[in-house]
Amino acid sequence: MTFSLIQQRLVPIVSALLLFVLQTSLAVTSNMLQYQLAGDGSAFSTGDNGPVSDAQVSSPRQLWMDSANTYLYIPECTPGQRIRRVHVPTGIITAFAGATTAIPSSTGDGGPAAVATFWDPTGLFGDSLGSLFVAEWSGHRVRRIDPSSIIHAYAGTGTLPTDATLANGDGGP
């Protein structure tokens, strides 16, 4: 199935999609039909600047579509450790944020998101002002990518508490 046919079905039903995020591929289910968007089951992160249907994705955990239905964001865990996005009108996938590194880390706050590093980005959410929030599973924090693509620490210290009494911060900055 071509991406344009998927796009015709995807955009109108984006709020009602049931998404199956498999270990190394993405599929969308609508009306009990499943469409493969990207990936072939192998743990690689390839195909930037090309058709999403030819790309491989690395351990995707969630998807997020912007409110204009223009971009579909995909967080990649090991070994990708970055955020990719699909331009829905054209079906082209690109690297949006994160520099793939051999050793996962969580660095680059205050600088360009494209060269920041992530440590298991698993959750995404965007706000009405154009910021994208990224939850890092192993990085133990949430980061914000502003509309000018600068990354900022948003919540969490980046350190795993050693016991439940240390996991505080409610009501604080």
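I take a contact to mean heavy atoms within 4.5 Å. With that in hand, I looked up the contacts in the protein with a separation of 6 or more, and residues 24 or more positions apart account for 37% of them.

The model is predicted, so to speak of local features I need pLDDT of at least 70, and side-chain atom pairs count only at pLDDT 80 or more, whereas totals for chains, interfaces and linings use all residues. Residues are numbered from 1 along each chain as its sequence is written, and side-chain values use heavy atoms, with hydrogens and water left out.

Next I went through the elements, taking helices (H or I, at least four residues) and strands (E, at least two) as DSSP runs numbered from the N terminus.

For burial I used relative accessible area (buried under 20%, exposed over 50%, partly exposed in between, with a 1.4 Å probe and protein chains only). Of the 173 residues, 39% count as buried.

I then turned to one residue, Arg82, which lies in strand β7 (residues 82–87). Is Arg82 buried or exposed? Arg82 counts as buried because its relative accessibility is 8%. Leaving aside residues up to four places away in sequence, I noted that Arg82 touches several others, among them Ser45, Asp48, Ile74, Ala97 and Phe118. The side chains of Arg82 and Asp48 are joined by a polar contact of 2.8 Å, which is a pair of N or O atoms within 3.5 Å, where within protein one must be able to donate a hydrogen and the other to accept it, and residues adjacent in sequence count only if both atoms are side-chain atoms.
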